Amino acid sequence: MENTTEPWRQNYLKLMLSVTLVAMVVLIFIQTSSHEFLNYDDNTYLTANPNIIKGISYNSVKWAFTTGYEANWHPLTWLSHLLDFELYGLAPKGHHLTNVILHAINSLLLFLILSKLTSTIYRSFFVAVLFAVHPLHVESVAWAAERKDLLCAFFWMISIHLYVRYIERPLPDRYLVLIAAFAMGLMCKPMIVTLPLTLLIIDFWPLRRAAVPTAAPEQKTLHQSAWPLSYLHEKIPLLLIAAVSSVITFRVQEKAESVNPMNLHHFFLNGGNAALSYIKYIIYMFWPFRLAVFYPFVEGTITLTNVSIAVVLIVAITVLAIVCRGRFPYLISGWLWYFVTLLPVIGIVRIGRQAIADRYTYIPLIGLFIVVVWGLSDIFTVLQFRTKQIAMFVIAVIAVLMFISFRQVGYWQNSYTLFRHAVEVTDKNCVSQNNLGEALINMGKFDEAYPYIIESIRIKPDFEVAYNNLGILYFNRGRFEDAQEAFQTAIKLKPTYAISRYNLAMLYLNFGKRNLAINEQVEMTKISPELAIRIKELLDK
């Protein structure tokens, strides 16, 4: 049970717990200060992005707000990276430490906001600790290019705080500030589009807003109150903004050719994978082992039996939460928080080659953490556990999670350690095989890289990135005709693949085939003006 003490004692307790929370984050993630940038998004987002490495300027800020680079429109995320390059340059230490600081802030905000919403301290603290130290959240913090997760969550927390502030005193200026915070979150990562629905969820619990706004507080009971849809009108402006953002995001990703085909076959595959993903994330929450930076989408694993079991489990959990909503309202609120916030990334419209991703759980798992903590609290009360027993259990859980997370962070040291681990814990992983090979290429270990690149192509014969790396391998081995064929294959698979066109143009220049290099330079002008300029400079010499 929660202690009810004087306000100054509660504030002191919150302060001590806040310091403890930050210390846990630092203990786990401080090792990232010695980590390197990765050959997976860190290069395209940061180190090889000419708009970022130039630092803050009028042109770079304009680019941040107008670009759909890397199939995303998130200008505030780009501005964050620009600021980091102004402060730290190409040294990865500062970029990683910024992520750690943001994660610590998000953990603190969750603790403080949840303690205010629920009038509890220890349960809110335990939820925040799970958020801070869970291994599934390592990816969002240890990966420099995933800054967007952290920024999105920051504005998510701020928006909830501002919403509570608004309903305490519904003034127009307070609502406008809420809209501004929501809009800024959308400019970090569009996953925040589900916030308006999440606000409806917390209206039911823990805010306990009654269906009839005029009811006296003592008359508001969970058994008598319907879902507070009478407050839906408050969310309409937010929903409209979310709809506009969703359209923009889809068009940007469609233009970048990141959206997978949408026909009946793929629709059922995506739907099946989505159902399985909801259950997989729950399993990984309770058993966070064999985590990887990339989980391949393998059609053979999506069977009618697996999907049917997943759907039955989802329906059963939902029905149970609805039935128990009166006595245990946190069940329906926590479950719906998890279910709804995962919708944008669950893969009904699948983006990219992955089946699931740890980073997608950064905000959604908060809902399940609430269910677990409040549920355990009720169980401990029924079983009459002593405070000492509960404390020992909590400390043991936290210690285990911190140990697993600390080890998981270690895999993110560099591209080689990260993808070597991913290859070890997953099967048929063309991306990890390719990136491990690419890491070895960058280390000058061409003979060691070759089998991984070949295995990547064997798994996915139409993987243009692997063919590009195969061309680089052949080039460094002096097999220039094979290199040319590999680059041409990559281009044939994806005509807009600018890196392969650049590499092919460089190959032509090395052999004096100026006209062929010019042809590639012309094509690059349409898809990557920056790379085209580099080739033109060499042609003009």
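Lys428 is exposed, with a relative accessible area of 56%; here exposed means over 50% relative accessible area, buried means under 20%, and partly exposed lies in between, using a 1.4 Å probe and protein chains only. You are looking at a predicted model, in which local features need pLDDT of at least 70 and side-chain atom pairs count only at pLDDT 80 or more, while totals for chains, interfaces and linings use all residues. Residues are numbered from 1 along each chain as its sequence is written, and side-chain values use heavy atoms, with hydrogens and water left out.

Let us stay with Lys428 for a moment. This residue lies in the loop between helix H18 (415–425) and helix H19 (430–442). Helices (DSSP runs of H or I, at least four residues) and strands (runs of E, at least two) are numbered from the N terminus. The phi angle of Lys428 is near 50°, a positive value in a residue other than glycine. Arg290 is another residue to look at: although not a glycine, Arg290 has a positive phi of about 55°. You will find Arg290 in the loop between helix H13 (264–286) and strand S1 (295–296), where Arg290 is exposed at a relative accessible area of 53%.

How many residues does the largest nonpolar core have? The answer is 161, and the residues with the most contacts inside this core are Ile160, Val293 and Tyr338. A nonpolar core is a set of buried Ala, Val, Leu, Ile, Met, Phe, Trp, Tyr and Cys residues joined through side-chain atoms within 4.5 Å. Helix H9 (residues 147–168) gives the largest share of this core, 12 residues. If we leave aside neighbours within four places in sequence, Val293 is in contact (heavy atoms within 4.5 Å) with Tyr40, Glu139, Trp143, Arg359, Trp412, Leu418, Phe419 and Ala422.

Axes are lines fitted to C-alpha atoms, for helices over the stretch in contact, and angles run from 0 to 180 degrees between N-to-C directions. Angles under 35 degrees count as roughly parallel, over 145 as roughly antiparallel, 65 to 115 as roughly perpendicular, and the rest as oblique. The crossing of H9 and H11 is right-handed; a crossing has this hand if the near helix is turned clockwise from the far one by less than a right angle, and is left-handed if anticlockwise. From H9, Trp156, Ser159, Ile160 and Tyr163 make the contact, together with Leu195, Thr198, Leu199, Ile202 and Asp203 of H11. Sorted by class, this contact has six nonpolar, two polar and one charged residues. Ala, Val, Leu, Ile, Met, Phe, Trp, Tyr, Cys and Pro count as nonpolar, Asp, Glu, Lys and Arg as charged, and the others, Gly among them, as polar.

A cis peptide bond joins Trp205 and Pro206, with omega about 15°.

Back in H9 sits Cys152. Is Cys152 buried or exposed? Cys152 is buried, with a relative accessible area of 1%. Apart from neighbours within four places in sequence, Cys152 is in contact with Cys188, Lys189, Ile192 and Ile363.

His74 counts as buried, at 0% relative accessibility. His74 and Cys188 are 114 residues apart in sequence but 4.8 Å apart in space, C-alpha to C-alpha. With neighbours within four places left aside, the contacts of His74 are Tyr45, Lys148, Met187, Cys188 and Lys189.

Helix H14 (residues 304–323) packs with helix H15 (residues 329–342) at an angle of about 145°, their axes 8 Å apart, in a left-handed crossing. Here Ile314, Ile317, Thr318, Ala321 and Ile322 of H14 meet Leu331, Ile332, Trp335 and Phe339 of H15. This contact has eight nonpolar residues, one polar and no charged.

Helix H21 (residues 464–476) and helix H23 (residues 498–510) pack at about 25°, with axes 10 Å apart. H21 and H23 are therefore roughly parallel to each other. Asn468, Ile472 and Phe475 in H21 meet Ile499, Ser500, Asn503, Leu507 and Asn510 in H23, a set that divides into four nonpolar, four polar and no charged residues.
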